[in-house]
Amino acid sequence: MSGHGESFAELPVAPKPPLRRFHQARWDEPIIFELSRPGRRGIAVPQAEGPGVELPASVRREHAPKLPEMSQLHVLRHYLRLSQENLGFDLNIDVGQGTCTMKYSPKVNDLFAKATNPLHPHQHEDTVQGVLEIYWRMERMLAEISGMSRVSLQPGSGSAAIYANIAMIRAYHNANGGEHRDQVITTMFSHPSNAACAKTAGYEVITLMPDAEGLPDIEALKAAIGPRTAALMITNPEDTGVFNSRIKEFVDLVHSVGGLACYDQANANGILGITRARDVGFDLCHFNLHKTFSTPHSCGGPAAGACGVAPALEPFLPEPTVDRVEFDGNERFVLKYPEKSVGKIRPFLGVTPNVVRAYAWIMSLGAEGLRQVAETAVLNNNYLMHKILQIPGASVPWNSRHVEQARYSWQQLSEETGVHSEEIGTRAADFGVHYWTSHHPYLVPEPFTLEPTESYAKEDLDEYAAILAHVADEARRDPEFVKGAPYNQTIHKIDMTSLDDPKQWAPTWRAYVRKHLSGQG
Amino acid sequence: MFTVGFVVNPVAGLGGSAGLKGSDGTDVQREALARGARPRAGERAAQAVRTLLARRPGVRIATVPGPMGVEGAHELVRPPAPHHPEPGRIAGGVGLTTAEDTRAAVAALADVDLLLFAGGDGTARDVLDAVQELGEAAPPVLGIPAGVKVYSGCFAISPATAGFVAADFDGTTAEAEVVDLDEELYRRGEVSPRLYGSLRVPAARAALSGRKAGSSATAEGTVEGIAREVVATMRPGIRYVLGPGATTLAVGRELGLATTLLGVDVVERGGSGFGGVGGVVVGADVSEPELFELVRGERSALVLSVIGGQGFVLGRGNQQVSPRVLDAVRAGGGELIVLATQQKLATLNGRPLLADTGDEETDSKLSGHARVITGYRESTIYRICPASEEFQI
Amino acid sequence: MTHPYIPNTEPGVRAEMLAAVGARSVEEFYADIPAELRLNRPLDLPAPLVAEQDLVRHMEGLFAKNVAGLSFLGHGSYAHYVPAVCDEVNSRSEFLTAYAGEPYEDHGRFQALFEYVSMMGELLEMDVVNVPTYDGYQASGTAIRMACRYTGRPKVLLSGAIAAEKLSKLRDFLSHDIEMVFAPVAANGEIGEVEIDDTFGAIYLETPNVYGVVETRGKELADLAHANGALLVVSADPISLGVLAPPAAYGADIACGDIQPLGMHPGYGGGHAGYIATQDHEPLVAEFPSRLFGIAPTKVPGEYGFGDVYYDRTSFAHREEGKEWVGTAAALWGITAGVYLALMGPEGMKELGETVLSRTRYAMDALGRHVTVRHRDAVHFREFAIEVPSSGALLDGLRDKGIFGGVALDDRTVLVCVTECHSTDDIDRLAAAVKEVLGA
């Protein structure tokens, strides 16, 4: 007889069930304003020694802002609880956010990022030689990876890099008598930011639709190009994960009418060291450092982008560039201002902490490592695709080869059960994973996009496929149950209808209080 | 109480399995039954009702007696006491129905909040007729796909989806086009869709998922955006021939003109200026000879939308745009401007747009790539080819 | 060796996976890439530092080449004190490595960002604040575009007291379809006399401006804009708003700016994020290109859910025109700024503002004994300009003494920045060094 009372379970512990019995933290946390109590403080501030400055009434704040008043522990605890109600990459098999290239961001690189904290961007060159050297070395490495002659690391994200590329395209044409070129050509399965950035920059956008094989219609390109063509902006492999093997013809066609070819390399992860932008003839390209080069996604930024250019575009690079000069046998890194620069794309040199992280990541891998990244990402994708296509009701349109990701369809399952792709995703998250459908328009019905980067183990891919298989089966047996998800997450199903009603929507707490708590409507 | 009306065309889909490419007309229905076809519309309708009841338990189902209602719906629905002669019995026999039966059933259910009908494009046309007779009093409708031909926009993509959409219906509606093929021609291998009008259907709320924080919230090209782009590129002094359809109707609206949904109209834009460019209708709902007179010797351009699910831009519902009209437009230096949202083109799955003017030489002259306006400052270049090439008989 | 970051390079598992797929080698997956496009050699990159400690040594070697000093640098990036809790929260793996999950499994991100915009709303006295855009430059560019779309007038009057680099960005972003007209800078450092007519869509003002001068004629400019059917757009530094009136208080229609001072380190330009705010006026809300998060109820009473407010913002504005992209911007800095504002509270923000005002004044007086301080009679927050015989010579001399004395605006003007992190001793040291360098 043990001092622990009656035995109710036996050793050995039974094997784990096939699927993880996940439940996310559910803290039922109030909104931070509800935690406030007048007079409390989270941090003290040094007081002014001298006499205070009297402000004129025209600029003096009249009413103190109604910020929460909380002690430090309670601020910390609130945010730590919220953090537990968030599913970071480090905690899940994050293959479900296709096109986003969710990969491991090594922890050691965060230490290097923090080392940039005290550096002020207006410090004299002599005092920041270390960080400038990192910029210069990073540029050289990306130039080698892309085949381009120079690379700007200034843009704050992939989309900002696309915008910077468009700015350079415009500057190039303006400097070469091509002011009349007002059309940008892109493809349906290129990232939608290509069309959006071109429009922001004032271009008319011509989008090539996929042909019956799912690839952009080259005959349509022939009909689209002409004296008004400023550039082709194209992703390859496209967001479907299919590599367009006629890409060189696309580039050559655009060149034949005096247009520039610009390569969106957001999907570069599967082709690092395999094929390069410049070798295909592209004039510009961009990378997302937070995708291919591992910097963390940070809930949606800060990210970082890089623009690579061929020699003809160098004079238009965003300013400043980091150049290496030698004198007296010493090297020195200096800021230079290209003669016809498009100017600033964002403040200062770039998102330095992420440039440093990405630099360290490449340094930890080298040429052979990058090739392993690409090959493993592609192997992982083809393996996962093999598993997913065994699930009844799942399919992949166009019987083509896939590189690093694939866009699938639940069309059959959805028609049979009435359960939509996003509902399957919400239910899948009950097992502790993310899932994403795709961008508009839904050329692929009931889509989902999986991108298993090199970071995942085979066991991870097996687990993810098993989760989707389970949910698909549930959809057949009990569609209402799937539609009622989530069950094991932070909160229950949300009624979103008020979010589109101006009388009800509450984009801030003060709007919520005014509309819903003060009784004034 | 939320009431959903419910009409089944019991013979919809009958012809399909019998290889008859449609089920319009009692002769065809008899032939199909003779060939051993089994009705499936009731089954598919029941599927939609099951989903509806599961998702919105308290809902009241109203229907009509007979094969268009209670029998079609199997054991799931018990109708109110009969208050109407049984539609569907009129034709007698084994529940074969006529268009008149469908219209009668719809009229009997005019006071519901939403009317579900199971059938195909032919059924949709009959429902459209009934709705037009009822006018303002007509309820919004939604099709349960059960026919051989389902090209109209008023159908849900599957019976289960119809059930879900009905259950979630909050009164918000949108217009959806009704198109149909001439079955007689279809049986001979000719696909000939025509636009018949539009029905009020539940506006399917955009899926709330898939909003990726990091990524472009690129709004899809809208019909209004397309219309603005067309108007922005219009030049004074050119006659624009607007084909039938909701998209070309929006072009008229953007110009401040009351053009027709089903007819071919000819317009010109006014001078430039802010606050709407304005324009004039040169000819409304014109016939082929009228159209020919309007474009002959004039500078003109063609603005056509894509009709039906197969991608027809010429020869279906716009036969007024005849070979000689096309020649006249071309002689005037005019271009062919096609309008379609990217989503509509997406449903073609890479198949080309089709031209079938009835004249092979004209069709082959059109063969190639056409500019398709998909939104404001947005277009695509899309393949267009003679229908005879695409549908080898 | 199996690389520590790439588990499936292990040969056994690789073979197993290839067998499952039925492929002989990964080369089969690349069959669509034509031979002539292949790179048939290894990339020419430095030898890898696979061992973490080797990488650390390499990186430490590079960082050792940077030099620290007593810094009075500002001009767009500010070294305010960053509370340890800010770094603690934004280093959490759950936030740092997440991206774009749904409002269920990523509820924490939605709530933290909703709380950030809500606290900004209190600070700004505005009801609608966006999830952060890239930086203050982008926020200004977008805010101006919003105003021009809203009014249908592609023309803006901008304050002349804007940083040159920011102006470069605004020119690139706006000038191809928006006419930019510049207001003069008055002798006191504020915006000069201006006139507009009904062709202008907006007046754009910054406060404190590039000279650290607080603009005092906001109300007058708001009235002028409104009388002509235009909007007033004000870029205001949120850290000043514990003591300074928020733009909404004097009639601004759109407020914008950079939140880097609210808990982000300078990070050599890495700490930036932009905010844009308006009142809850539907047609103006329709012009936001960025995401807005709002509260929504769930199935369970008492439980908060969140989602996108007015996601398809197309009904009022023709978004196709001058549409802007939304990219991965700076969400983590939004969360961090929320933590900062919660820690500070109303009292903290007020005291911080008073300390900065007071120390700025102290520094102006201290330096004013040795050099000419410009715009001395104006209200300054955090920054002020001094006139010197040679900016370069002064800054070089100070750097030799371990002081980063300021940012050269031109050959003879240096911008000096003082925050709550500078003690009066630090300021005295600067003043003494300036005297010494100029006297030498």
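Trainee: How are α11(C) and α12(C) oriented to each other: parallel, antiparallel, perpendicular or oblique?

Mentor: Angles run from 0 to 180 degrees between N-to-C directions, and axes are lines fitted to C-alpha atoms, for helices over the stretch in contact. Under 35 degrees counts as roughly parallel, over 145 as roughly antiparallel, 65 to 115 as roughly perpendicular, and the rest as oblique. Here helix α11 (residues 391-400) of chain C packs against helix α12 (residues 424-439) of chain C at an angle of about 120°, with axes 9 Å apart, so the two are oblique to each other. Helices (H or I, at least four residues) and strands (E, at least two) are DSSP runs, numbered from the N terminus.

Trainee: Which residues make that contact?

Mentor: Two residues are in contact if their C-beta atoms, placed from the backbone, lie within 7 Å. From α11(C) come Leu394(C), Gly397(C) and Leu398(C), and from α12(C) come Ala433(C), Val434(C), Val437(C) and Leu438(C). By class, these residues are six nonpolar, one polar and no charged. The classes work like this: Ala, Val, Leu, Ile, Met, Phe, Trp, Tyr, Cys and Pro count as nonpolar, Asp, Glu, Lys and Arg as charged, and the others, Gly among them, as polar.

Trainee: Before we go on, what should I know about the model and its labels?

Mentor: This is a predicted model, in which local features need pLDDT of at least 70 and side-chain atom pairs count only at pLDDT 80 or more, while totals for chains, interfaces and linings use all residues. Residues are numbered from 1 along each chain as its sequence is written, and chains are lettered from A and ligands numbered from 1 in the order in which they are written.

Trainee: How is chain C divided into domains?

Mentor: Domain bounds come from an automatic or database domain assignment. For chain C that gives domain 1 (7-53), domain 2 (70-81 + 347-439) and domain 3 (84-340). The centres of domain 1 and domain 3 of chain C, taken over C-alpha atoms, are separated by 45 Å. Chain C holds 12 helices and 15 strands, and its C-alpha trace spans about 80 × 60 × 50 Å along the principal axes.

Trainee: What share of the residues of chain C count as buried?

Mentor: A residue is buried if 20 or more other C-beta atoms lie within 10 Å of its own, exposed if 12 or fewer, and partly exposed in between, with C-beta atoms placed from the backbone. By that rule, 63% of the 440 residues of chain C are buried. In chain B, 58% of the 393 residues count as buried, and the secondary structure there comes to 14 helices and 15 strands.

Trainee: Why is helix α6 of chain B described as largely enclosed?

Mentor: Nine of the nine residues of α6 (residues 159-167) of chain B are buried, so the rest of the structure largely encloses this helix. Among them are Pro159(B), Phe164(B) and Val165(B).

Trainee: And Glu254(B), is this residue buried or exposed?

Mentor: Glu254(B) is buried, because 22 other C-beta atoms lie within 10 Å. Its place is in helix α9 (residues 246-254) of chain B. Leaving aside neighbours within four places in sequence, Glu254(B) is in contact with Ala227(B), Arg228(B) and Val231(B). Glu224(B) lies 30 residues from Glu254(B) in sequence and 7.8 Å away in space, C-alpha to C-alpha.

Trainee: What should I look for in the backbone?

Mentor: Most residues other than glycine have a negative phi, and most peptide bonds are trans. In chain A, a cis peptide bond joins Asn236(A) and Pro237(A), with omega about -10°. Pro237(A) sits in the loop between β4 (229-235) and α7 (247-256) of chain A. Another cis peptide bond joins Glu319(A) and Pro320(A), with omega about -5°, and Pro320(A) is in the loop between β7 (305-309) and β8 (321-327).

Trainee: Where does Thr101(A) lie?

Mentor: Thr101(A) lies in the loop between α1 and α2 (107-114) of chain A. Its phi is near 50°, a positive value in a residue other than glycine. Thr101(A) counts as buried, because it has 27 C-beta neighbours inside 10 Å.
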